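Trainee: I would like to learn how to read features off a model. Can you take me through one, step by step?

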Amino acid sequence: MKKNLNIRNIIIVMLCITIILMGVGFAFLASKLEEANKQQDNFEVIITKVEAQTSIKGGSIDPTATKELTDEGKSVKFNFNLHNPKDELAYEITIKNTGNIPAKIIRLISSPDYIKDSRLKSSIEPIVITHTDLANKILNPDETVTVKLLVSYTMTNNVKPINVPYQITVLATSRN
């Protein structure tokens, strides 16, 4: 009789422990589920780094530039100063998707658009600006891509120092 009572007590203790562990497990799973429901899908494509590459000096004065990240990392403003033919400035702009879903870069907006607008392009001649085209590039979460920007002073008979303001803005959307 005492042995039956002992086995019954052990079974009751085991059932109590099982119920307690199930309650703890349920609370843990409920908190994880609530956390997952609170996390919303988002994408954020930003410029994380702007790095000057080797510049080329075409005359006695070095070409210079200033840069500034603006719009919470969506844009970078430049101010280029070139003095002589064959002056050249190169930059690498790193763009990253810091969100948790894939994003699509719609395009890079140049302002002023010296690349596509012929009237604006002629206003800064003999300066030529080119950069990598990232239209429709898909960026997965934490993925980066690099834009190569090149500003050069082409050959001309009318040599004069030229100051060129320029801005690149990243326009992106979720990948749908």
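Mentor: Start with exposure. Buried means under 20% relative accessible area, exposed means over 50%, and partly exposed is in between. Keep in mind that this is a predicted model. Now take Asp71. Its relative accessible area is 47%, so Asp71 is partly exposed.

Trainee: Where does Asp71 lie?

Mentor: In the loop between strand S2 (64–70) and strand S3 (75–82). Look at its backbone too. Phi of Asp71 is near 50°, a positive value in a residue other than glycine.

Trainee: Which phi does Lys86 have?

Mentor: A positive one, about 80°, although Lys86 is not a glycine. Lys86 sits in the loop between S3 and S4. With a relative accessible area of 55%, Lys86 is exposed.

Trainee: On to omega. Is the peptide bond from Ser111 to Pro112 cis or trans?

Mentor: That bond is cis, with omega near -15°. Pro112 lies in the loop between S5 and H2. There is also a cis bond from Glu125 to Pro126, with omega near 10°. Pro126 belongs to the loop between H2 and strand S6 (127–131).

Trainee: Now rings. How many aromatic pairs does a search of the whole structure find?

Mentor: Five. For the geometry, the cut-off matters: planes under 30 degrees apart count as stacked. Phe78 and Phe80 form a stacked pair, 5.1 Å centre to centre, with 15° between the planes. Phe78 has 4% relative accessibility, so it counts as buried. Phe80 is buried as well, at 0%.

Trainee: Why is the pair of Tyr114 and Tyr166 stacked?

Mentor: Because their planes are at 25°, with the ring centres 6.0 Å apart. Tyr114 lies in the loop between strand S5 (103–111) and helix H2 (118–123), and Tyr166 in strand S9 (residues 162–174), so the pair ties together parts that are 52 residues apart in sequence. Both Tyr114 and Tyr166 are buried.

Trainee: Which residues form one aromatic cluster?

Mentor: Phe78, Phe80, Tyr91, Tyr114 and Tyr166.

Trainee: Next, charges. How many salt bridges does the search find?

Mentor: Two in the whole structure. Lys57 and Asp62 form one of the bridges, with their closest N and O atoms 3.8 Å apart. Lys57 is partly exposed at 44%. Asp62, at 45%, is partly exposed too.

Trainee: And which side chain meets Lys148 in a salt bridge?

Mentor: That of Glu92, at 2.6 Å from N to O. Lys148 is in strand S8 (residues 144–153) and Glu92 in strand S4 (residues 88–97), so this bridge ties together parts 56 residues apart in sequence. Lys148 is partly exposed, with a relative accessible area of 49%. Glu92 counts as partly exposed at 21%.

Trainee: What about nonpolar side chains on the surface? Which residues form a patch there?

Mentor: Ile10, Val13, Met14, Ile17 and Leu21. Together they have about 490 Å² of accessible area. Take Val13 from that group. Val13 is in helix H1 (residues 2–38). At 46% relative accessibility, Val13 counts as partly exposed.

Trainee: Is Leu33 buried or exposed?

Mentor: Exposed, with a relative accessible area of 53%. Leu33 also lies in helix H1. For a sense of distance, compare Leu33 with Lys96. They are 63 residues apart in sequence and 29 Å apart in space, C-alpha to C-alpha.

Trainee: Last topic: pockets. How do I find empty space?

Mentor: Rolling a probe the size of a water molecule over the atoms shows where empty space is left. Here the largest pocket has a volume of about 180 Å³.

Trainee: Which residues line the largest pocket?

Mentor: Among them are Arg107, Leu108, Ile109 and Ser110. The lining also includes Asp113, Ile115, Lys116, His131 and Asp133. S5 gives the largest share of the lining, four residues.

Notes:
Residues numbered from 1 in each chain as written. Predicted model: local features only at pLDDT ≥ 70, side-chain atom pairs only at ≥ 80, totals over all residues. Heavy atoms only, no water. Patch = residues over 30% accessible without salt bridge, like charges linked within 9 Å, V, L, I, M, F, W, Y side chains within 5 Å. Areas by Shrake-Rupley, 256 points an atom, 1.4 Å probe, with all protein chains shown as cover. Salt bridge = Lys/Arg side-chain N within 4 Å of Asp/Glu carboxyl O. Helix = DSSP H or I, 4+ residues; strand = E, 2+ residues; numbered from the N terminus. Buried < 20%, exposed > 50% of the residue type's maximum accessible area, 1.4 Å probe, protein only. Phe/Tyr/Trp six-rings, centres within 6.5 Å; stacked < 30°, edge-to-face > 60°. 1 Å grid on protein atoms, 1.4 Å probe; cavity = no way out; pocket = protein on both sides within 12 Å on 5 of 7 lines; lining within 4 Å. Points joined across faces, edges and corners; volume = space filled by probe spheres on them.
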